[in-house]
Amino acid sequence: MQEAKKTLLRVIGLIWALAAVVAAVGVVIWLFFPFRLLPYLLGELLGSAVSAALMFHRYSTLDVELDLNRKSAVNHSRVMASLRTLVSLAALFLGFYLPQLFSSVTVFMGLFATKAAALLYPVVFRTKSPSDIK
């Protein structure tokens, strides 16, 4: 489980690194084409915070599911995945409901950082296998 915890922390780190990149790009664009920067940054912060919290939730539920029998684990996994989907949708709807406070586009980018971090993880944290060493 120690390796899983290290992976969790690395993925959450990647989520926040992607958030920093999106925020930096927004500031650079804002310098040339002024727009409301605060909702842009708050939307990214909301999306990334929810994304990191949901990644921690995945880790916690995986730990619980490893102790359950197969059928119970599958059912628990489905319920928890539905719960995470509802939380993601609630954050996105918050962006649409309060556009003066959160940019829905950057909320989506923050939520999408979960997927991007999972795809970038093997590239960023590449480990050498014994067959790669020559």
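1. A residue is called buried when its relative accessible area is under 20%, exposed when it is over 50%, and partly exposed in between, with a 1.4 Å probe and protein chains only. By that scale F125 is partly exposed, with a relative accessible area of 27%, whereas Y121 counts as buried at 16% relative accessibility.

2. Please keep in mind that this is a predicted model, in which local features need pLDDT of at least 70 and side-chain atom pairs count only at pLDDT 80 or more, while totals for chains, interfaces and linings use all residues. Residues are numbered from 1 along each chain as its sequence is written, and side-chain values use heavy atoms, with hydrogens and water left out.

3. Helix α1 covers residues 2-32, which makes 31 residues, and from its first C-alpha to its last it reaches 46 Å, close to the 45 Å expected at 1.5 Å a residue. Helices here are DSSP runs (H or I, at least four residues), numbered from the N terminus, and the expected span is 1.5 Å times one less than the number of residues.

4. The buried residues of α1 are L8, V11, I12, L14, I15, A19, V22 and G26, and what covers them includes α2 (37-65) and α4 (104-124).

5. The structure holds four aromatic pairs. The rings of F35 and Y40 have centres 5.5 Å apart and planes at 70°, so this pair is edge-to-face; rings of Phe, Tyr and Trp (its six-membered ring) pair if their centres lie within 6.5 Å, and planes under 30 degrees apart count as stacked, over 60 as edge-to-face and the rest as tilted. F35 is partly exposed at 31%, while Y40 is buried at 13%. The rings of Y121 and F125 have centres 5.1 Å apart and planes at 40°, so that pair is tilted.

Terms used
Helix = DSSP H or I, 4+ residues; strand = E, 2+ residues; numbered from the N terminus. Contact = heavy atoms within 4.5 Å.
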